[in-house]
Amino acid sequence: MPTQLSQRALRATSSEIREILKVTASPDILSFAGGIPAPETFPSELLRCAGDRILATESSQALQYSLSEGFGPLRTWIANRHDVDIENVLITTGSQQALDLLAKALIDPGARVLVESPTYLGALQAFSLFDPVFVELQTDESGIRLSNCKSGELGEAGLVYVMPNFQNPTGRMMPLEQRQEICSKMKSAGVMIIEDDPYGELSFSGQQLPSLRSINPEGVIYLGSFSKILAPGLRVGYVVAPGWLMQKLILLKQAADLHTSSLDQRLVHEVVTSGQLDPRIAMIRSLYSERCASMLDALERYMPEGVLWTQPKGGMFIWLTLPNRLNASKLLEQTLDTDNKLRVAFVPGASFFALSPQPHTLRLSFASMDSERIERGICALAAHVSVAMKQQVNC
C-alpha cells in the first residue's frame, strides 16, 4: 500500500517554464523561453583560479560543514553593500530558497498575500504550497498602483511581494514616487514587503533607484542573488531581513539544508572582492542592452499591428500582449510544430497570474541569444502571429 501524499505535495505543480525548457533543449529551436543568463558572461577563468587557490589553502574549511548563516566574509561584503549589520544577512541556496523560507515563516493557510499582476511564477509556486489567499494588485506600465486601495483593505494582508527592478516577466521598472508610495502605505497598514531584486544590477544605463528596503528598512525583506551577475549554477543568494525575522529564517534553513555550499560561497567571495565584479556587471549590461535593442527593433519591424510590448531599460525580459482573441499557449504549439523550418519557443503569459490569467500574453527573454538569432526568431514568431490573427478573422 503506497504512502498517501500530503496535501502540500498534492498542491505542488510543475513550472511551465521548466516543462518548456525540456522541449527547447533541441538545437533546432530558437528559444526565448528560459530566463537564463548568457553563458559568455560567466567568469569561468576567475572561478577556476579562485577554486585552485581555495582548494590549495582552505580545503579543510571549504569542503566541510559550515554555519547556517553563511560564510562570514561574504555576509560582511553583502552587509557593507547594503549598509546593514552582518546579523541581518543570511546566505541562501539561490534566492528561490529564500522565497521558500519566507513562505514557511510568514504564510499560514488563508493568509492574504498581495502580488503584482502578472508576477514571478517561482514566487507563486513557493507561496502556493502554504495555501494563502492571493490578492492581485492593479498594475500599469510602471507596476503596482495603490491609488484605489484603502489602508483597511491592505491591513488584512500578511505581506506583499514585488519586483521593483526590471520585473520578471514584464521587464518594467517601478518609478521612485511609486516606491515611496508603496513603502508608505504598507508601513501604515502594517504589511511586510518582500522585495525580490535579482535584476537590479542589470540597468542598461547603470543608473539605479533606491531600493524599497532603503526607504523602509524595518518593513522590507530584501532578496538578492549572484545568479544573474556571476553564474546561476553556483546557487548563491541572500536575504536581508530585520532581526526579529532572521533568527526564524536561520532555524528554517537549518531544517532545509543546514547551509549553502561552503565552496560556492567562497568562490563568490573571491570574485566579488577581486576588483573584477563592477567591470563584469558593466559588460553584462552592455551585452544585454544590445540584445534588448535588437529584439525591440525586430518586434517593431516584423510584428503585425495590434501586438503590444514593453520597452525595458534593463533586465532580461520583454512582455508581449497579443490581440485578446489569441491564445499564446496555442500559438506556442504552432511555433514548436516539427513541420516548421524554424521553430521558436517562448513562455505563455497565463502562468504568471495568481488569479486572473491573460491567455493572450507571453514572455520573451533576449539575454542568451545573439542579435542575428534574435532577428530570425522574432521574424518567425511574427509570421506565426500574423497567421493566427488571419485565422481568427476568417473564423
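The legends below describe close-up views of a predicted model.

**View 1. A mixed sheet of 7 strands.** The 7 strands of this open sheet follow the order S2-S10-S9-S8-S7-S3-S4, and their pairing is mixed. At the edges stand strand S2 (89-92) and strand S4 (133-136), each of which has a single partner strand, so one side of each is left without a neighbour in the sheet. From one strand to the next, the twist averages 20°. Within the sheet, strand S8 (residues 192-196) and strand S9 (residues 220-225) run parallel and are joined by 4 bridges, and Glu195 has Tyr222 in S9 as its bridge partner.

View 2. Helix H11 (residues 243-257), for its part, lies across S2, S8, S9 and S10, and runs at about 25° to S2.

View 3. Strand S12 (residues 317-321) and strand S15 (residues 361-365) pair in the antiparallel sense over 5 bridges, and Leu320 stands opposite Leu362 in S15.

**View 4. The contact between helices H6 and H7.** Two packed helices are described by the angle between their axes and the distance between the axes. Here the axes of helix H6 (residues 94-106) and H7 come within 8 Å and cross at roughly 35°, and the crossing in which H6 passes H7 is right-handed. On the H6 side, Gln96, Leu99, Asp100 and Ala103 take part, and they meet Gly122, Ala123, Ala126 and Phe127 in H7. The residues of this contact comprise 5 nonpolar, 2 polar and 1 charged.

**View 5. Thr119 in its loop.** The loop between strand S3 (112-115) and helix H7 (121-128) contains Thr119. Is this residue, Thr119, buried or exposed? Thr119 is buried, because its relative accessible area of 0% falls under the 20% limit for that class. Leaving aside residues up to four places away in sequence, Thr119 touches Leu124, Tyr161, Gln167, Asn168, Pro169 and Phe352.

**View 6. Helix H12 and its surroundings.** Of the 11 residues of helix H12 (residues 262-272), 9 are buried, so the helix is largely enclosed by the rest of the structure. The buried residues in H12 are Ser262, Asp264, Gln265, Arg266, Leu267, Val268, His269, Val271 and Val272. These buried residues of H12 pack against helix H3 (44-57), helix H4 (59-62), H5, S2 and H13.

View 7. A search of the whole structure finds 0 disulfides. Cys292 is in no disulfide, and the nearest cysteine sulfur, which belongs to Cys379, is 19 Å away. Cys292 is buried, with a relative accessible area of 2%, whereas Cys49 is partly exposed, with a relative accessible area of 38%.

Notes: Residues numbered from 1 in each chain as written. Predicted model: local features only at pLDDT ≥ 70, side-chain atom pairs only at ≥ 80, totals over all residues. Heavy atoms only, no water. Pairing = 2+ DSSP bridges. Helix = DSSP H or I, 4+ residues; strand = E, 2+ residues; numbered from the N terminus. Buried < 20%, exposed > 50% of the residue type's maximum accessible area, 1.4 Å probe, protein only. Contact = heavy atoms within 4.5 Å. Axes fitted to C-alpha atoms, helices over the stretch in contact; angles between N-to-C directions. Left-handed = near helix turned anticlockwise from the far one by under 90°. Nonpolar A, V, L, I, M, F, W, Y, C, P; charged D, E, K, R; others polar. Disulfide = S-S within 2.5 Å.
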